[in-house]
Amino acid sequence: MYTQERTAVANLVVGGPVAVNSYDNAIVAALVENRPVMLVHAFNGGYLRPAELKAESHDKGVKLATALDPATKDAQGHLWHITPGGFFGQRPLYFIESAAGQVQPPPPGTADADAGRGDDGAPKPQRRRVTVHQDAPQSTADTVQVGLPGKTGDKWRGKNGAVEDTQLWVVTVTPWGGITFVPITHPDAILGFKDHAVAKDSEARLTYNWGGDFTGTVINTFYPRLPNEWDVPYHHVFT
């Protein structure tokens with residue numbers, strides 16, 4: 001499913017206790033305008049990036065990087081689209097799609113030019129999505145991958161019959177102005193890190209949502225940042 005339809009700001013709050021305020025421009029831009037943003041961890045300022053940036057990679061995961069190297073920046077490996085993907089009841093769902101390795105749509109006049117279009121009539125690009133393993137978070141194996149829907153492994157697709165099941169997320173706004181991702185196939189889990197380690201090259205995976213402090217031990221919140229803010233220090237002080 002693909003859509004670029006506008007969503008009322010009031011609908012952006014899915015599971016959080018606070019509303020999205022007007023100053024949360026990056027969150028609004030990410031969810032409503034589908035701009036590519038950085039997903040920056042609240043604890044150490046690291047950002048999410050695909051472990052493999054190439055478009056043909058569909059079996060690699062996501063890691064936390066603490067320095068933005070030129071190769072990653074040139075490949076847009078630091079940028080993500082939070083793309084609307086429908087509703088679960090009245091809750092809007094989203095795909096987390098990498099801007100790295102994006103496949104541009106076929107040019108007009110070719111046989112595949114009309115394979116799919118967004119609500120605005122423009123051909124939709126193919127973007128690799130963050131996909132959850134069906135057995136997550138019970139296993140300590142890799143539990144998220146970045147790949148196109150039809151090219152990920154069998155255990156990375158359609159737990160409940162729909163191809164997109166393992167790729168749809170509930171976006172929860174936190175009281176601290178960040179966002180947390182909850183996969184619809186595992187509502188008791190959130191996107192976190194293997195062994196709860198928030199450090200350079202930490203492997204992103206699902207972790208049980210046990211509660212706890214938000215600084216990264218269990219709960220992991222990510223701040224979407226606009227592309228022109230990539231060089232801003234991300235160490236946040238809360239009062």
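# Notes on the predicted model

1. **A buried charged pair.** Glu97 is buried, and Arg127 is buried as well. Please keep in mind throughout that this is a predicted model. The side chains of these two residues, Glu97 and Arg127, meet in a salt bridge, with 3.2 Å from N to O. Glu97 belongs to strand S5 (residues 91–98) and Arg127 to the loop between S5 and S6, so the pair ties together parts that are 30 residues apart in sequence.

2. **Other salt bridges.** How many salt bridges does a search of the whole structure find? The search gives four. One of them joins Asp135 to Lys155, where the closest N and O atoms are 3.6 Å apart. Asp135 lies in the loop between S6 and S7, while Lys155 lies in the loop between S7 and strand S8 (169–173), so this pair connects parts 20 residues apart in sequence. Asp135 counts as partly exposed, at 33% relative accessibility. Lys155 is also partly exposed, with a relative accessible area of 39%. The Glu97 and Arg127 pair, by contrast, is buried.

3. **Lys63 and Asp201.** A further salt bridge is formed by Lys63 with Asp201, and the closest N and O atoms are 3.5 Å apart. Lys63 is in strand S3 (residues 62–65) and Asp201 is in the loop between S10 and S11, so the pair ties together parts that are 138 residues apart in sequence. Lys63 counts as partly exposed, with 22% relative accessibility; the cut-off for buried is under 20%. Asp201 is partly exposed at 42%.

4. **Backbone points to check.** Gln76 is found in the loop between helix H2 (70–74) and strand S4 (80–88), and at 37% relative accessibility it counts as partly exposed. Where is the cis peptide bond with omega of about -5°? It joins Ala136 and Pro137. Pro137 sits in the loop between strand S6 (129–132) and strand S7 (144–147).

5. **Thr143, in the loop with Pro137.** Thr143 lies in the loop between S6 and S7, the loop where Pro137 is found. Is Thr143 buried or exposed? At 1% relative accessibility, it counts as buried. The side chain of Thr143 reaches the backbone nitrogen of Leu206 at 3.2 Å. Setting aside neighbours within four places in sequence, Thr143 is in contact with residues including Ala136, Trp156, Glu203, Arg205 and Leu206. Ala136 in that list is one partner of the cis peptide bond.

6. **Strand S10.** All five of the five residues of S10 (residues 189–193) are buried, so the strand is largely enclosed by the rest of the structure. In a regular strand the side chains alternate between the two faces of the sheet. Here both faces are covered: Ala189, Leu191 and Phe193 are buried on one side, and Ile190 and Gly192 on the other. S10 runs antiparallel to strand S11 (residues 204–208), and five bridges join the two. Within this pairing, Phe193 stands opposite Ala204 in S11. The loop between S10 and S11 is where you will find Asp201.

7. In soluble globular proteins, nonpolar side chains tend to be buried together. The largest nonpolar core in this model has 32 residues, and Leu39, Leu48, Ile82, Phe181 and Leu191 touch the most other members. Which helix gives the most to this core? Helix H1 (residues 25–33) does, with five residues.

8. **Leu191 as a place to start browsing.** Leu191 makes a handy view, being on one of the covered faces of S10 and among the core residues that touch the most other members. Leaving aside neighbours within four places in sequence, Leu191 is in contact with Leu48, Val144, Trp169, Phe181, Ala204, Arg205, Leu206, Asn220 and Phe222. Leu48 and Phe181 are also among the residues that touch the most other core members. Leu206, another contact of Leu191, is the residue whose backbone nitrogen is reached by the side chain of Thr143.

How values were computed. Residues are numbered from 1 along each chain as its sequence is written. This is a predicted model: local features need pLDDT of at least 70, side-chain atom pairs count only at pLDDT 80 or more; totals for chains, interfaces and linings use all residues. Side-chain values use heavy atoms; hydrogens and water are left out. Buried means under 20% relative accessible area, exposed over 50%, partly exposed in between (1.4 Å probe, protein chains only). Helices (H or I, at least four residues) and strands (E, at least two) are DSSP runs, numbered from the N terminus. Two strands pair if DSSP finds at least two bridges between them. A nonpolar core is a set of buried Ala, Val, Leu, Ile, Met, Phe, Trp, Tyr and Cys residues joined through side-chain atoms within 4.5 Å. Contact means heavy atoms within 4.5 Å. A polar contact is a pair of N or O atoms within 3.5 Å; within protein, one must be able to donate a hydrogen and the other to accept it, and residues adjacent in sequence count only if both atoms are side-chain atoms.
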